[in-house]
Each structure stands twice: as structure tokens, then as C-alpha cells.
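Let us take a walk through this protein together, step by step. Please keep the viewer open and follow along as we go.

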Amino acid sequence: MSPGGGLRRAPVWVAVVGVLAASGAVVGLGALAPAPRREPVAAPRSVPVASAALVCPAPLAEGTRLATAITAVSATVPQPAAASPTPTAPTVSPPASPSASTPVAPPPSGSAPPSPTAPTPTAPTPAAPTPTAPTVSPPASPSASTPIAPPPSGSAPPAPSPSASPPAASGTAGIGPLGSGAFTPLRTLSALDAPAGFAVTGKSSGPVLAAATGQFAPGLAADQLTRGSDGPLRGLALQPCGPAVSDAWFIGGGSGVGRTTTLYLSNVEDQPSLVDVRMYGAAGELDVPAARGVVVPPHRRVVLALGKIAPAQSTLAVRVIAREGRVSPAVFDNTVAGSQPQGIEYLPLTEARRRIVLPAVLAGEGTRELTLLAPRADAEVRVSMLTQDGAITPVGLESVSLQAGKVTRVRIEQVTAKAGVGLVLRARTPLVGAVRAVLPGQLPDTADVAGTPVLDAAAVVTGITSGRSTALILAAPRKAARVRLTVHAVGGPKRAPVTRELAVASGTTLRATVTVPSGASSAWVLLEPVAGSGPVHAVRRVAESGTRGVLVTTAPVLPLTPRVDIPTALFRVAAS
């Protein structure tokens with residue numbers, strides 16, 4: 001390089017800086033007081049959550065035989081000890097005190113959203129939950145003061161009846177309608193590990209809230225199963241009831257002929273939420289003024305029919321961003337061909353990431369369609385397939401090219417039809433993806449699987465009944481994984497939960513069928529990753545035989561959030 005090039009000049013500047021630093025007294029630096037001494041103090045504390053709230057959207061369908069069964073349980077989950085303080089680098093600035101909650105600003109366009117989390121508790125209770133006996137706890141009995149009309153014939157079943165006295169716990173928990181006044185549960189959870197639930201018909205006026213405080217909060221979980229016995233909404237649709245979030249993605253909807261996709265925005269908080277809904281189609285991001293600045297009043301729900309605000313879209317991806325407050329979003333989708341129903345489904349809530357895992361593409365006949373979006377930039381998506389024998393690169397589906405902001409659909413049944421598999425999708429930019437399976441029959445039904453989070457904590461699956469087959473499909477995309485599966489019987493004779501450990505080899509998937517114990521009316525499952533296990537992802541598949549075709553649905557298995565980190569000062573400034 002010629003004299004005066006960058007590599008020769010750098011030492012000169014370093015020398016000049018060194019001279020200036022050494023002569024600090026000349027320029028006045030020596031007159032400054034010595035730097036304060038920072039003494040490390042406690043790191044952030046991890047404590048059990050003190051409150052939790054989950055929303056079940058319970059979609060409206062006036063004039064149809066559509067019913068939704070909602071089941072909630074507060075499970076006894078392990079509470080790890082709070083982490084001991086760890087030394088931190090002395091360059092950390094002295095802290096500010098923890099601030100109150102503030103409106104959430106939207107992240108940059110197309111950036112990866114934060115993981116949905118449960119609401120931050122306002123008054124955490126550090127005490128660990130009361131230990132419980134290893135006996136099965138039945139559900140709380142329905143409140144006598146608030147009668148619930150039985151659901152119509154063919155609808156999802158109501159909550160089971162009690163049969164034993166479960167252990168007591170401090171706090172409260174229940175499920176009931178989300179209203180403008182104080183929350184009044186229609187069913188209460190009288191004890192840990194004791195589920196409760198009820199069925200609501202299509203004439204319901206709003207969403208259902210599952211809420212808990214005290215020792216009931218860390219293990220609160222709820223699922224909703226919607227069933228249409230006939231008509232245009234025939235099918236099964238399953239979804240975990242979700243917490244309020246600030247950013248969420250859904251992919252796989254549409255507003256073309258025969259397609260109806262509905263977005264539900266529920267606000268469980270005491271202040272209004274201000275929400276922007278960004279929508280993407282096959283031609284790119286859509287300009288939808290009606291979806292910007294949507295106000296969701298406190299304890300209310302706003303329903304957006306996407307066919308009205310973004311019509312004639314063969315495929316859609318939706319991003320929900322809460323600019324102020326938080327919101328609990330859900331998307332209900334149904335398809336018809338003429339007058340023939342083609343299935344219903346809740347689109348799974350997902351995230352935009354550079355690496356996403358879809359634990360299960362259902363095996364069998366029918367179509368399988370992969371829908372992808374890279375919102376920020378063009379992407380070359382590399383595809384790996386998780387099989388029972390290990391990870392492979394599927395021939396003919398090695399990669400998929402995406403244009404920024406354009407939703408792309410790819411038929412993949414030619415490589416997935418022989419057996420159930422999982423997919424791992426990788427790109428250099430965040431992407432969103434899901435697979436829709438259409439199971440054939442005289443009347444078909446659909447099942448959607450999107451990118452799911454790692455089970456980094458215990459998870460709960462509720463509402464397992466003997467009238468339908470239930471399977472948990474586990475995927476270990478990296479290291480081998482081990483999970484502990486505990487089945488709790490509900491109703492019938494008192495019995496201990498049954499526990500077994502499942503091993504998932506690296507790069508494979510494993511299907512575990514869950515059955516209701518003999519003599520019980522229903523069951524629920526606690527799924528726990530074993531210490532030292534590799535990352536594991538899971539979905540739940542529910543199917544029901546029908547004379548005109550199988551009814552089927554899938555839903556992600558989501559980890560609980562039993563603890564929350566309370567920020568504390570990392571350093572205390574002391575006089576020297």
C-alpha cells in the first residue's frame with residue numbers, strides 16, 4: 001500500500017490519542033474527581049408470576065351449530081430456585097429504578113417480534129407453590145348460582161364432574177366472559193391440578209377469559225376446541241388460549257372466493273389498546289387504511305373480517321402490532337367450495353425468525369401446502385426434513401426462493417405424503433411459515449401447523465376426551481431430546497397420575513398417543529423437558545371419525561411462563 005494509506009496512518013492517531021490522555025492535567029482532565037467505585041449487588045430476581053390472564057376468542061357464528069369447549073387448569077409446576085447473583089462487567093452504568101409499564105412501540109418493519117409472554121405481574125409473590133399430593137384432582141363443580149345452558153347436539157362436551165378433594169392453594173382462578181366490569185368467573189378452579197370448563201354456543205357475545213392470581217397463576221393454561229357438526233362451518237379447530245402480546249404473526253389465511261378469515265382482537269387490560277394490522281398478499285404488502293390505528297376498548301373485543309377490508313386475496317399473512325397497550329389476537333379461518341364445507345381452523349400464532357421449526361406435517365392423502373413470507377428482504381430458504389430416521393434434505397424441495405413482502409405458496413405433498421415429518425426452515429432474514437394439510441373425504445377438513453417455540457419450560461395440554469384421538473408430536477431438530485409426560489385423569493375413581501419419559505433422537509420426530517384412563521371422563525397432560533435435554537418443539541393433533549370424512553385439527557404446545565424476572569440494580573455507586 002502507498003505511503004499515507006489507512007494501515008500506516010492508524011498508529012499515528014493511536015499515538016496522538018495516547019498523548020492527549022497522558023496530558024489530561026494540561027487540558028483540565030486532571031481536575032476531575034476520581035471515578036466512583038461500583039460495588040456489584042444482586043442480579044435480577046426470578047419470582048413466580050403473581051397473576052395471569054388468557055383469552056379464548058370463542059368465535060361467533062350466529063345460526064350455525066358451532067360450539068366451543070373451553071377447559072382451564074392450574075397445574076402444579078416445578079419452581080426452580082432463583083439464580084444466584086453473577087458478577088458483571090464493571091462497565092455497566094449505575095441503574096435506574098424499575099419503571100412502570102409504558103406503551104409498546106412497534107419494532108422495525110419485518111423485524112423478528114419478541115416471543116409472546118404472559119402479562120407482567122404487578123405484585124409478584126416470591127413464595128413457592130404449596131406441594132401437592134401425587135393424587136389426581138378432579139375439576140371444580142359448576143357454580144349453582146350461574147346456570148349454563150347445555151350445548152346443542154353434536155357440540156363439544158362441557159366440563160367433567162368432580163370426584164375427589166384436591167389440595168388447597170392460595171389465590172384465585174376461574175374462567176368466564178370478558179366484560180367491562182369486574183371479572184366474574186362462571187367456573188372456578190378450586191384447587192391446583194383440578195380443571196374446569198364449559199361449552200359456549202355460536203350465540204356467545206364475546207370472548208372468554210381464564211384468569212388466576214397467587215399460586216394458581218404460574219401453571220395456568222387453557223385450550224379451546226371449536227366444533228361444527230354440519231353446514232358451512234363443519235370441522236374441528238383447536239387453539240391454546242393466549243396472553244396479551246405486543247407483536248404477533250399469522251400466515252395462511254385468505255379472502256378469495258369461498259374463503260373467510262376473521263381476526264379477533266381482545267383487550268384484557270384497563271386501558272385501550274392501539275393496534276396496527278399489517279397485511280401481505282401474493283403481490284406484496286397491502287395498503288389497508290381500515291387496519292391502521294384500530295382502537296380496542298378496555299375489556300372488549302374488536303372483530304375484523306379480512307374479506308371486507310382486504311378482499312380478493314388468494315393468500316394472506318397478517319402481523320398484529322400493538323402500538324399502545326397490548327392485545328390478545330386470534331384468527332379463525334374457514335373454506336367452502338360452493339355449498340360444500342372444506343374445513344375450519346384457528347391459524348397458529350407465530351413469529352418471524354431466521355430459523356423456524358414446524359414439528360409436524362401430517363401424513364396421509366390429500367394436499368399439503370407450505371406458505372412462506374420474508375417481510376423484509378428477498379430470501380433463499382433452505383429446507384430440512386425431520387423424519388423418523390433422522391434429518392434429510394428433501395429432493396425437489398432443497399430450497400425456496402422468496403421475494404420481499406410477497407406471500408409464496410408451495411405444494412409439498414410429493415415429499416411428505418408417505419409419513420409424518422417435521423420441517424426446519426432457515427434463511428438469512430426473518431421469515432414466517434406454515435403448512436396446511438387438507439385431509440380428503442366426502443367433506444374434507446384442514447389442519448395448520450406454523451413455526452412453534454422451543455419448550456423451554458413445562459407445558460399443559462387440557463381437554464383430552466375419549467371421543468376423539470389425541471396425539472402429541474415432538475420434534476428434536478438439533479440434539480436428542482427427552483421429555484416427561486404425565487397424564488392426569490379427571491373424574492371416576494381416585495388415582496395417581498401416570499408418568500412416562502419419551503426420548504426423541506436428534507433430527508427426528510416422535511408421535512405419542514394420549515388416551516383417557518379407563519373409568520375417567522377426560523384427562524389433561526403435563527409435559528416437562530428433562531434436564532440436559534436438547535431443544536424440543538411440539539404440536540397437538542386431535543381427530544374425530546365422521547361418516548362423511550375425518551374431522552382433524554392441530555395446535556402448538558406452548559411453554560408456561562411460571563416465573564418472571566424482576567429487574568434490580570446491578571451496581572451500587574460508593575464513594576471512594
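Two stretches call for care. Over residues 1-33, pLDDT stays under 50, and the model has nine contacts there beyond four places in sequence. Over residues 81-165, pLDDT also stays under 50, with 174 contacts beyond four places in sequence. Where pLDDT is low, the predicted coordinates should not be read in detail.

Now for the whole. How many helices and strands does the protein have? There are four helices and 37 strands. Of the 576 residues, 50% count as buried. The protein exposes about 24,900 Å², and carbon and sulfur atoms supply 58% of that area. If we take the contacts between residues at least 6 apart in sequence, 82% of them join residues at least 24 apart.

Strands of a sheet pair through backbone hydrogen bonds, in a parallel or an antiparallel way.

Is β5 enclosed or open? Four of its five residues are buried, so β5 is largely enclosed by the rest of the structure.

Another strand to find is β33 (residues 522-529), which is mostly covered, with seven of its eight residues buried. Strand β28 (residues 459-465) is joined to β33 by five bridges in an antiparallel arrangement, and isoleucine 464 stands opposite alanine 523 there. Strand β30 (residues 481-490) also pairs with β33 in the antiparallel sense, over eight bridges. In that pairing, leucine 485 stands opposite leucine 527.

Next, let us look inside. The largest nonpolar core has 31 residues, and Val400, Leu423 and Leu425 have the most contacts inside it. Which elements give two or more residues to this core? They are β20 (353-361), β21 (367-373), β22 (379-387), β24 (399-402), β26 (421-439), β27 (445-450) and β34 (537-544). The most comes from β26, with eight residues. For a view from one residue, select leucine 425: beyond four places in sequence, the residues it touches include Ile356, Leu358, Leu370, Leu372, Val381, Val383 and Leu431. Arginines are on that list too, among them Arg354, Arg355 and Arg382. A second, separate core has 27 residues, including Leu54, Phe216, Leu220 and Ile566.

Aromatic rings come next. A search of the whole structure finds two aromatic pairs. In one of them, the rings of tryptophan 249 and tyrosine 280 have centres 5.6 Å apart and planes at 35 degrees, so the pair is tilted. This pair links distant parts of the chain, 31 residues apart: tryptophan 249 belongs to strand β11 (residues 247-253) and tyrosine 280 to strand β13 (residues 273-281). Tryptophan 249 is buried, with a relative accessible area of 0%, and tyrosine 280 is buried as well, at 1%.

Our last stop is glycine 254, in the loop between β11 and β12 (259-267). Buried or exposed? Glycine 254 counts as buried, because its relative accessibility is 0%. Leaving aside neighbours within four places in sequence, its contacts include Arg259, Thr260, Gln313, Ser314, Leu316 and Asp333. Glycine 307 is 53 residues from glycine 254 along the chain, and their C-alpha atoms are separated by 7.6 Å.

Notes:
Residues are numbered from 1 along each chain as its sequence is written. This is a predicted model: local features need pLDDT of at least 70, side-chain atom pairs count only at pLDDT 80 or more; totals for chains, interfaces and linings use all residues. Side-chain values use heavy atoms; hydrogens and water are left out. A nonpolar core is a set of buried Ala, Val, Leu, Ile, Met, Phe, Trp, Tyr and Cys residues joined through side-chain atoms within 4.5 Å. Buried means under 20% relative accessible area, exposed over 50%, partly exposed in between (1.4 Å probe, protein chains only). Contact means heavy atoms within 4.5 Å. Accessible areas come from the Shrake-Rupley method with a 1.4 Å probe; for residues, only the protein chains shown count as cover. Rings of Phe, Tyr and Trp (its six-membered ring) pair if their centres lie within 6.5 Å; planes under 30 degrees apart count as stacked, over 60 as edge-to-face and the rest as tilted. pLDDT is the predictor's confidence in each residue, from 0 to 100. Two strands pair if DSSP finds at least two bridges between them.
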